[in-house]
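Colleague: I have a chain open on my screen and would like to go through its packing. Can you take me through it?

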Amino acid sequence: MHPALTVKENAPYLMRKLPWQRRRAYERTMIGVTTALSPERDIYKLSETDIPGLIALSESVGWDYAEPELRTVLSSGTIYGIRNNRRQIVASAAIIPYGRQLASIGLVIVHPEYRRLGLGQALMQTCIISAGPYTTIQLIATKEGEPLYEKLGFRRAGHVCKLLCDRYRPPSWGTEREPVRLIPMTNEHIPEVIELDRRSVGADRSRFLQTRIKQAKQSLIAYTADGTIAGFGLSIQGPIHLTLGPITAPDDHTALALIDRLASGHCGKLRIDVVSERPAFPPLLEACGFASVAEPPVMVLHSPGLPPRSGNLYSIAAQIFG
C-alpha cells in the first residue's frame, strides 16, 4: 500500500479480505459520505519524522502531546494525516488496534484554519475502514467532535472522569487496613501484567502495554497476601502533567495505594482519568487534592458497548489509548 492514499483509493485496498456482501454494504456506508475534500487531497500514513509536525498541530488546538507519547502511538498503531501545499500537517487521526476485538481512535485534530473542509471526517473514515467492520472501535470524544462521531455511527457507552491535581496529599489510611505490598515492575512480571490488563479491558493490548511500560516514569506491581499479582499501575510524564494510568486493582484500597506511591514525591501537576464504572472513586481522589474538571463521553462503533471486563480497571492509560 502506497503511503499516500486518497480516501477512495484506500478503501478498496482495505476491503479486499472481507466477504463481498459485507464489503459492499460497508463501503457504501463509509465511503458514500460526502466530504468537501478535493479528489487530489491525499491521506498519508505518518512516521517518526512527522513527530515535530504533529506536536505543532496539537499545539494549534491547545493540546500537549510530546515526542515520547507520539512514539508510543506510532509503535502501537497508525497515525494518518493530511498536509497542506507547504507540506505542513493540518489534520490527523490515529487508530490503535488491540487484537481483533477492539481498537481505539484518538489524536483527531484539525488545525483551526482548516476546519469545515471535511478533513476530520475523511481521516475518521480511513481509521474506521482500517479496523474493519468486525472490530469494536472506541474513542473518548471532545464536545466539538461528538457530532461528527455520532454522524459516523458512534454511540455513547459511558464516560471518564478527568481529575487534575496541583498539590497532592496522601490519603488517610485506616488503621484496620493492612498495607498493600508494592514493588517495582520487572520484565518477569510483564506476561502476568498483560493477562491482567486483558481481563481488565477485554482485549489484548500486549503490543501497546510493553511500549507504555518502557515509557513509564514508574511502573508498580501490587501483590495479594498469598503472593499473586493483584494489580499494577504506571505513571507517564508529559509536558505538563504526570499521568497516572492505567491503574488496575481489585479494590479501592489497592488502587489508592498504587496511586499514592506513583504520586508521592512528585512536585508537579498530576492527572488521572477514572472510568465511569468506578463512580465512588473520584471523591476518594478529591480528598487527596484532585479536582474533577470534565467527564468526556466514551463512544463506540460496531457494538452496543465495550467488550466484557473484569471490573478491575480504575483509570485508563490516556484518552487516546482508552
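Colleague: Start with helix 4. What do the buried residues of helix 4 pack against?

Modeller: This is a predicted model, so take everything here as computed. The buried residues of helix 4 pack against helix 3 (51-60), strand 3 (78-83), strand 4, strand 5 (102-110), helix 8 and strand 10.

Colleague: And which residues of helix 4 are buried?

Modeller: Glu69, Leu70, Thr72, Val73, Leu74 and Ser76.

Colleague: Take helix 3 and helix 4. At what angle do the axes cross?

Modeller: At roughly 115°, and the axes come within 10 Å. Angles of 65 to 115 degrees count as roughly perpendicular, so helix 3 and helix 4 are roughly perpendicular to each other. Helix 3 passes helix 4 in a right-handed crossing.

Colleague: Which residues make that contact?

Modeller: Ile51, Leu54 and Ile55 come from helix 3, while helix 4 supplies Glu67, Leu70, Arg71 and Leu74. By class, the contact of helix 3 with helix 4 has 5 nonpolar, no polar and 2 charged residues.

Colleague: Now helix 4 and helix 8. What is the angle there, and how far apart are the axes?

Modeller: The angle is about 160°, with the axes 9 Å apart. That makes helix 4 roughly antiparallel to helix 8, because angles over 145 degrees count that way. The crossing of helix 4 and helix 8 is right-handed.

Colleague: What else does helix 8 pack against?

Modeller: Besides helix 4 (67-76), the buried residues of helix 8 pack against strand 4 (89-98), helix 7 (190-201), strand 9 (218-223) and strand 10 (229-237). Those buried residues are Ser206, Phe208, Leu209, Arg212, Ile213 and Gln215.

Colleague: Then helix 7 and helix 8. What is the geometry of that pair?

Modeller: Helix 7 and helix 8 pack at about 125°, with their axes 10 Å apart. That angle makes the two helices oblique to each other. The crossing of helix 7 and helix 8 is right-handed.

Colleague: Which residues, and of what class?

Modeller: Ile190, Val193, Ile194 and Asp197 of helix 7 touch Ser206, Leu209, Gln210 and Ile213 of helix 8. The contact of helix 7 with helix 8 has 5 nonpolar, 2 polar and 1 charged residues.

Colleague: New topic. How many disulfides are there?

Modeller: A search of the whole structure finds 0. Cys288 is in no disulfide, and the nearest cysteine sulfur, that of Cys165, is 8.2 Å away. A disulfide would need the two sulfur atoms within 2.5 Å.

Colleague: Is Cys288 buried or exposed? And Cys267?

Modeller: Cys288 is buried, with a relative accessible area of 1%. Cys267 is exposed, at 77%.

Colleague: Where does Asp166 sit?

Modeller: Asp166 is in the loop between strand 7 (155-165) and strand 8 (181-184). Asp166 counts as exposed because its relative accessibility is 55%, and the cut-off is over 50%. Leaving out residues up to four places away in sequence, Asp166 touches Gly268 and Lys269. The C-alpha atoms of Asp166 and Ala291 are 9.1 Å apart, although 125 residues separate the two along the chain.

Colleague: What about His241, buried or exposed?

Modeller: His241 counts as buried, at 15% relative accessibility. His241 lies in strand 11 (residues 241-248).

Colleague: Last one, the whole chain. How many helices and strands, and what percentage of the residues count as buried?

Modeller: The chain has 10 helices and 15 strands. Of its 322 residues, 52% count as buried. Among contacts with a separation of 6 or more, 73% are between residues 24 or more positions apart.

Note on methods. Residues numbered from 1 in each chain as written. Predicted model: local features only at pLDDT ≥ 70, side-chain atom pairs only at ≥ 80, totals over all residues. Heavy atoms only, no water. Helix = DSSP H or I, 4+ residues; strand = E, 2+ residues; numbered from the N terminus. Buried < 20%, exposed > 50% of the residue type's maximum accessible area, 1.4 Å probe, protein only. Contact = heavy atoms within 4.5 Å. Axes fitted to C-alpha atoms, helices over the stretch in contact; angles between N-to-C directions. Parallel < 35°, antiparallel > 145°, perpendicular 65-115°, else oblique. Left-handed = near helix turned anticlockwise from the far one by under 90°. Nonpolar A, V, L, I, M, F, W, Y, C, P; charged D, E, K, R; others polar.
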